Amino acid sequence: MTNFQLHKNGNIRTADFSMLNYLQQVNVLPDKIAMFTNLKEFGLENYVKVQAAVLLLVKRGSVEVELDLKTYRLEAGSLFIVFPEQVLKAKKASDDFDPICIACSKNMIEELIIRFDDNTRLILKTRENPLHQLDKQKFEQLKESFEFLKKKFETSETNTCRLQVLKNFLIGLLYECIGMDHEPMTTDVVKSRGQVLFSQFIDLVVEHHREQHSVKFYADELGITPKYLSAVAEEQTGKNAKRWIDEHIALDAKVLLRSSSRDIQKVSKILNFPDVSFFGKFFKRLVGVSPKAYRKTAE
């Protein structure tokens with residue numbers, strides 16, 4: 001834990017993507033993409049808020065982890081997906097645990113998300129079921145793709161378009177991960193009422209977030225009170241219902257600002273804000289910068 005900086009955030013430390021620059025045996029494009037196989041230097045025996053998206057494929061051995069306080073067991077053939085701002089802790093790892101990992105910075109994952117259709121639903125469904133157990137054939141296919149991307153890291157160092165090369169291969173790999181015909185591994189065989197309600201809530205948010213911004217709308221659709229819906233969301237994820245709605249709207253706004261030439265006023269109208277000033281204040285509160293500054297940075 002002496003090779004990289006961890007910042008205090010309450011009782012949970014925040015692991016910045018830059019820490020990967022200091023690991024041994026890592027292929028890294030600074031602040032963009034990294035591939036590595038050794039997790040021991042991360043200090044995951046304690047809770048860490050991850051500031052990157054991570055694809056982890058287990059080649060051998062096993063590890064038990066907590067993600068957002070839910071426990072998962074990763075074994076040979078497991079694919080595990082972590083998103084930025086999730087809280088991770090490794091509880092037990094076998095001596096022969098051997099993963100291959102790909103990490104993307106928060107900015108990079110936003111760039112990649114734009115390339116996916118129905119990106120909000122994709123993220124939410126993957127966050128709900130982050131662990132997938134692959135059969136032998138699909139595991140070998142995916143491992144080959146991981147190793148091919150690793151080879152591209154090593155052979156493209158002098159290519160002036162290296163970032164674009166790696167980004168496009170990574171997009172293909174993400175589609176391969178998502179499109180595989182495998183069953184999600186959940187922590188419970190039978191979902192609780194809270195899990196079912198939260199899943200239904202997310203489906204409604206994906207469908208209606210551009211027009212409907214209030215918790216009351218979604219609670220009415222589910223036949224429950226706004227207070228109960230927020231309590232369910234808080235119990236399942238640590239975030240209340242309003243925060244989930246706002247974050248999905250903000251994500252959609254980012255995609256619209258990055259992926260189209262629509263002016264900010266038009267984006268505001270698409271997302272059903274009363275005026276561009278209200279949209280600007282909302283966006284800055286959620287993202288930290290104005291829509292104009294965000295678009296300029298993206299460009």
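Q: In which sense do S4 and S11 pair, and over how many bridges?
A: Antiparallel, over 4 bridges. S4 covers residues 33-36 and S11 covers residues 98-105. Bear in mind that this is a predicted model.

Q: Which residue in S11 is the bridge partner of Ala34?
A: Ala103.

Q: What else does S4 pair with? Start with S3.
A: S3, residues 26-29, pairs with S4 in the antiparallel sense. That pairing also runs over 4 bridges. In it, Asn27 has Met35 of S4 as its bridge partner.

Q: How many residues lie between S3 and S4?
A: There are 3, and the two strands form a hairpin.

Q: Which residue in the turn has a positive phi?
A: Asp31, with a phi of about 60°.

Q: Back to the S4 side chains. Which residues point which way?
A: Ile33 and Met35 point one way from S4. Ala34 and Phe36 point the other way.

Q: And are those four buried or exposed?
A: All are buried.

Q: Which ones are buried?
A: Met108, Ile109, Glu110, Glu111, Leu112 and Ile113. Two glutamates are in that list, Glu110 and Glu111.

Q: Now H6 and H7. At what angle do their axes cross?
A: Roughly 95°, and the axes come within 8 Å. H6 is residues 215-222 and H7 is residues 226-237.

Q: Why would residues three or four places apart in a helix point the same way?
A: Because an α-helix has 3.6 residues a turn.

Q: Zooming out. How many helices and strands are in the protein?
A: It has 11 helices and 13 strands.

Q: What share of the residues counts as buried?
A: 48% of the 299 residues.

Q: And what share of the contacts is between residues 24 or more positions apart?
A: 68%, taking the contacts with a separation of 6 or more.

Q: Last one, the surface. What does the accessible area come to?
A: About 15600 Å² for the protein. Carbon and sulfur atoms account for 49% of that.

Technical notes:
Residues are numbered from 1 along each chain as its sequence is written. This is a predicted model: local features need pLDDT of at least 70, side-chain atom pairs count only at pLDDT 80 or more; totals for chains, interfaces and linings use all residues. Side-chain values use heavy atoms; hydrogens and water are left out. Axes are lines fitted to C-alpha atoms, for helices over the stretch in contact, and angles run from 0 to 180 degrees between N-to-C directions. Buried means under 20% relative accessible area, exposed over 50%, partly exposed in between (1.4 Å probe, protein chains only). Contact means heavy atoms within 4.5 Å. Accessible areas come from the Shrake-Rupley method with a 1.4 Å probe; for residues, only the protein chains shown count as cover. Two strands pair if DSSP finds at least two bridges between them.
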